[in-house]
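Dear colleague,

Here is the structure I said I would pass on. My notes on it come after the display.

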Amino acid sequence: MTQMNRRNFAKGMAGVALSAALPVAADHTKQKQKPNILYVFSDQHRAAAMGCYGETAIATPNFDRFADQGIRCTNAVSNTPVCCPSRATLQTGLYAQNHGILTNTIGLDTDFQTLGKTFRSAGYATGYIGKWHLFGPTPKDAHGFIPPGPHRFGYDDWAALETGHHYFEFQYYRDKPEPIREIGYEPDRQVELAQEFIKKHKDQPWCLGLSWGPPHTPYTPPPAFEREYDILYRPNIPGYEARAFAEKVTPKYYGLIESLDAAFGRLLQTLDELGIADNTIVIYTSDHGDQLGCQGLKFKRWPFDESCIIPFLVRWPEGIPAGRVLDAPFGMVDVYPTLCGLVGLEAPATDGQDISAYWIGKNKTGPEQTFLTMPYGYLPWPGWRAVRTQTHLYAEANRKPWLLFDLHEDPYQMQNLAGQSSSLVAAYRERLHETMRRYGDSWEVQTTKGDIKNWIPGSHKFTQQDLDATWPGQQGWES
């Protein structure tokens, strides 16, 4: 039920109570508290690495149970599948070319309206815990301190750090110039901080972002989560070197995910114990995925499913019917306006769509497509652009057709149709170019900031990526 509908309902009930002169009228006029928001996301967790998404080798009982209690989205996309651009898209509802974070280590402009600012203005207690990765080099003093004020982007309760993946010896900043340094497993301590925030604000609406570092590299799970896995490796891992890499890192990657599943279970238990689970919108997702040797590639920044398709689970017992699987494509760009729609807030102008009616079951169909962009990466500038529908993925590189996959017939994206189906390529090419025009993107979009020096052919990033795969621009752009 939207905020306006709840208000109208309360007014109507008040009128009935007053006309009947009943003593309980005051109870009926009291408006129900707005739903809380708990947005949990990890770093580099691909959707396929979870039991509820079909991976039988991994044990994720808490995520799987949670998926049954709400909705599981199968075509949720990281619109720019790398840390900083994806996080900026989440906070602003804008594509990379419009928020300006085209690659890593670029600071987000404090003038943007953000998710945290919107919910704070609506009376929510706001908090953020974990990896932020949106400051760039500018707002820190000599100690690396993140001061209260505009650089917190509307999150008043702060226990975060800019970046880092030291999972067993970590630090975070609160309200003093000195970092708080702790020994222990980072996600476990971050859950404790989240529990403190939730208990503190349980009697008012709150919005909390919790950003976990795992399963990002280094692939080092806690000893309790190191074990052997009976993994059926994906068929799109080519050759000896890619397979050897996959066999080396995937079990450790799975161990990190299982550790997050346990932490997530403790977090949900807190909501149950406080009696606020029914009126709390909980989301679990990730900023992007991880190739893990698929397509002969490592890490992220690719348009392939392993890199850009992210887990996306949503539960809200009072507002979202449980046990549904939603297949319509949408992206990180849509999350901010959709959260606003769920609680009845007016979202600012964004590139994203409010798809809350799709989530709650009022609309039976969702978006037809979502847009992906990567100006800087293993395909050097101007990078690649892509559109994804429920049936196809189409991508261009160096301003030319690069990939076209039938996602139903070829779920592992092993049969590239870009050079085989001219009419389909032409249709998707026009679709992509129209989408770029609509959102103010072009092949000329570029930046001089951030880590762009890492995305020059021959750089250490390219050497690090090499698993005997080839890709456009690996040795320099083809003519």
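This is a predicted model: local features need pLDDT of at least 70, side-chain atom pairs count only at pLDDT 80 or more; totals for chains, interfaces and linings use all residues.

Helix 3 spans residues 61-69, and its buried residues are Asn62, Phe63, Phe66 and Ala67. Viewed down the helix axis, these residues fall within an arc of 135 degrees, so they line one face of helix 3. The partners against which the buried residues of helix 3 pack are strand 2 (71-73), helix 8 (239-274), strand 9 (280-286) and strand 10 (313-315).

Thr280 lies in strand 9. Its relative accessibility is 0%, so Thr280 counts as buried. Leaving aside residues up to four places away in sequence, Thr280 touches Asn36, Leu38, Trp206, Leu271, Arg315, Trp316 and Pro317.

The whole structure contains 23 salt bridges. One of them joins Arg227 to Glu258, with the closest N and O atoms 2.6 Å apart. This pair links distant parts of the chain: Arg227 sits in the loop between strand 8 (206-215) and helix 8, Glu258 sits in helix 8, and the two are 31 residues apart. Arg227 is partly exposed at 39% relative accessible area, whereas Glu258 is buried at 8%.

Glu182 and Arg189 also form a salt bridge, at 2.9 Å from N to O; Arg189 is buried, with a relative accessible area of 18%. In the salt bridge between Lys202 and Asp203, the closest N and O atoms are 3.5 Å apart. Here Lys202 is partly exposed at 33% and Asp203 is exposed at 64%. Finally, a network of salt bridges links Asp43, Arg87, Lys131 and Asp287.

Regards

Conventions
Residues are numbered from 1 along each chain as its sequence is written. Side-chain values use heavy atoms; hydrogens and water are left out. Buried means under 20% relative accessible area, exposed over 50%, partly exposed in between (1.4 Å probe, protein chains only). Helices (H or I, at least four residues) and strands (E, at least two) are DSSP runs, numbered from the N terminus. The arc is that of the directions from the helix axis to the C-beta atoms. Contact means heavy atoms within 4.5 Å. A salt bridge is a side-chain nitrogen of Lys or Arg within 4 Å of a carboxyl oxygen of Asp or Glu.
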